[in-house]
Each structure stands twice: as C-alpha cells, then as structure tokens.
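This report goes through one protein model, from its sheet to its surface. Keep the sequence and the 3D view at hand while reading.

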Amino acid sequence: MNQRPAILIARAVFPDVVARLREHFEVETNDEDAPFTPAQLIERLQGKVGVLTTGSERIDAALLAACPQLKVVCNIAVGYNNFDVPAMTAAGVLATNTPDVLTETTADFGFALLMATARRITESEHFLRAGQWNRWALDMFAGAEVHGSTLGILGMGRIGQAIARRGAHGFGMNVIYHNRSRLDAESEAACRARYVSKVELLQQADHLVLVLPYSTESHHAIGAAELAQMKPTATLVNIARGGIVDDAALAVALREKRLAAAGLDVFEGEPCVHPDLLDVPNVVLTPHIASATLKTRRAMADLAADNLIAYLGRGEALTPLNAGLPNPRC
Ligand code: DGY
C-alpha cells in the first residue's frame, strides 16, 4: 500500500524538480500547463497535503475549506497576492514564497525595461521592421536621458534597492524613493537613495519604477490623479503587479502625451491586456517576464520544492510567510 503523502504541482516545472519531489511524495503534475479553474484546482487537491503554485492559482478560504487535507502551499514567486494569507493562517495552512533568489535578475529586467522605454527601443524597432526607415533625422526617436536623471522608486524592498543601486552606481542617477517605511541610514547610503513623500516622488521623477506588492491598499496606486502629477516628459515602469496601475487611465495619459512613455511587464487581468494599451505606440509591453532567466526560474522552482520537502518532512519551511501557525493542520 502506498503510504507516501500526495502533492500537486499546479503548473509545469522543470523535470528534475519533479523527479526530486517524486523521491518524497506521490506527485500529480499538470503537463499541459493550462491554468486550472478554481473548481478544477479544488478537485485536483483532494487528498493532497501540499501544492506548488504560481501566481495563477488563487488560495482562499473557500478553497481551504474544500481541501481539508492541504497543509502547505508553496508559491513559485516572490509575490503572493494570489494567497489570502490570513485565511491560510486561520486554516492552519503554511504559505511560502521565493524571496532573494530573483532579486538581481528582476532588477536587471526593471532596468532593461526602463532603458527600452526611455530610449524608445521597441517603438523604433517596429518602425524599422515596417520598412518605414528611409532616411536618418536628427530628432528621429529622440528619447529621454537616463544617466544623470532622477530615478524614482515606489516600493523599496529588496528589488527596489537593487534597482536603486543600478541607477546610482551604474548610471549616476539621483535616486529618490517612497515606501511604507523608510529604510535605515545604512541601507539608504548603500543605494544612495533619498526618502521623499509620494507626491514629491511623482513630481520629481524622470523615470518612475513601481516595485511595491499588490494589495487592496496599493490597488490603483497610480491612477489618473497620480499620472497628472508626473512630468509630461517622465516614463513609468511597472514590474510589480497588475492592478497597481489603472491601465485605462495610463493609456489615456500616454495617448494624450501627458506622460512620455511607459514600460509594463504586468497588467490588470493578465494575460489579457487593456486594448487601449495595445493601440498606443509609446508603451513597451512584455508578458510578465521580469524574473525569467533560466537560472533564476530554476532557483525559484527549487526553493519552492525545498520549502515543500522541508515543511512536510520536518515541520519547518525555509521561507515561510506565516511561520508559527497557531493551529497547523496535522
Ligand atoms: C514573482 O516572483 O512574484 C514574479 O512576478 C513571478 O510571478
């Protein structure tokens, strides 16, 4: 008789990670990699004690009630807005995420998106591919300066600080930031960043990068009113989560040139993208790939698997979000 605990891997992951998990558990995979509906996820989780999730799987009170054997949910992501953590804590289910392993890779991408946006790289490439380049002109695709300009960062966690370091040390930028709590003096000095109010950030940034977590408080943190406070020459980059920016309001501001350009890796309701954003030329759009290097995605999957093995094996995860559960499911 099979005594090993059963787990689900909700989306396709690297075969060696699956093989490693099979050494410990009965593993059900989703080789088609089609995201489950909430009802399908509940069905697949029957009899499972653990699950590896991505941002596409919502873990809430209804799911937890319908899956009484579930003990641990390990997100292959640092963001965890797909988790209702208080509901998980109340149900005695451990939640984990994948911090640190993606910090530098995600910061690299944030900077790449900033550069592409400010220097109009994709817009000019589309022009070239369309056969429209028939002469050179002095002001052709003239964009915004990056070096020496003011870099604003909203959300100054690990990734925000890594972007700040790139801006300050690599590009000689004047870095300002706003965050729920101010960094200590040593951390501010390491990334040469100055704390300002949100209004000052909006008004002073030449390039504003969003790196804050999504929550009901940060929903539409950048809407029509905030966009109106930004410089018309400014660029906006969102590598955080869809829903932090009001995409409809942003499309209007971009079309009316009240904002020079935007770079977006995340969208409200992704993978759907607001149709108005697809129609404006001054926006760079990428499909939620900020952490997507093979090395980093492997490290994220490995850490999620390690969390699952550690919690189900010895009751302690490596990167828990709700450690010290008062009533863990046993
Ligand atoms: C993360 O790790 O949160 C990335 O956005 C991938 O979901």
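A residue is called buried under 20% relative accessible area, exposed over 50%, and partly exposed in between (1.4 Å probe, protein chains only).

## Basis of the model

The model is predicted: local features need pLDDT of at least 70, side-chain atom pairs count only at pLDDT 80 or more, and totals for chains, interfaces and linings use all residues. Residues are numbered from 1 along each chain as its sequence is written, and side-chain values use heavy atoms, with hydrogens and water left out.

## The open sheet

Helices (H or I, at least four residues) and strands (E, at least two) are DSSP runs, numbered from the N terminus. Two strands pair if DSSP finds at least two bridges between them.

Five strands make up an open sheet with parallel pairing, in the order 2-1-3-4-5. Its edges are strand 2 (26-28) and strand 5 (94-96), each of which pairs on one side only. On average, neighbouring strands of this sheet are turned by 15° against each other, direction ignored. Such angles run from 0 to 180 degrees between N-to-C directions, and the axes are lines fitted to C-alpha atoms, for helices over the stretch in contact.

Strand 1 (residues 6-9) pairs with strand 3 (residues 50-53) in the parallel sense, over three bridges. Leu 8 has Val 51 in strand 3 as its bridge partner. Helix 13 (residues 294-314) packs on the sheet and touches strand 1, strand 3, strand 4 (72-75) and strand 5; contact means heavy atoms within 4.5 Å. The direction of helix 13 makes about 165° with that of strand 4.

## Backbone exceptions

Most residues other than glycine have a negative phi, and most peptide bonds are trans. Asp 33, in the loop between strand 2 and helix 2 (38-44), has a positive phi of about 65° although it is not a glycine. Asp 33 is partly exposed, at 28% relative accessible area.

Arg 120 is not a glycine either, yet has a positive phi of about 55°. Arg 120 sits in the loop between helix 5 (103-118) and helix 6 (121-129) and is partly exposed, at 26% relative accessibility.

The peptide bond between Glu 270 and Pro 271 is cis, with omega about 15°. Pro 271 belongs to the loop between strand 11 (261-264) and helix 12 (275-279).

## A nonpolar patch

Leu 128, Trp 133, Trp 136 and Leu 138 make a nonpolar surface patch of about 560 Å². Patches are made of residues with over 30% relative accessible area and no salt bridge; like charges are joined within 9 Å, nonpolar side chains (Val, Leu, Ile, Met, Phe, Trp, Tyr) within 5 Å. A salt bridge is a side-chain nitrogen of Lys or Arg within 4 Å of a carboxyl oxygen of Asp or Glu. Accessible areas come from the Shrake-Rupley method with a 1.4 Å probe, and for residues only the protein chains shown count as cover.

Trp 133 lies in the loop between helix 6 and strand 6 (150-154) and is partly exposed, at 48% relative accessibility.
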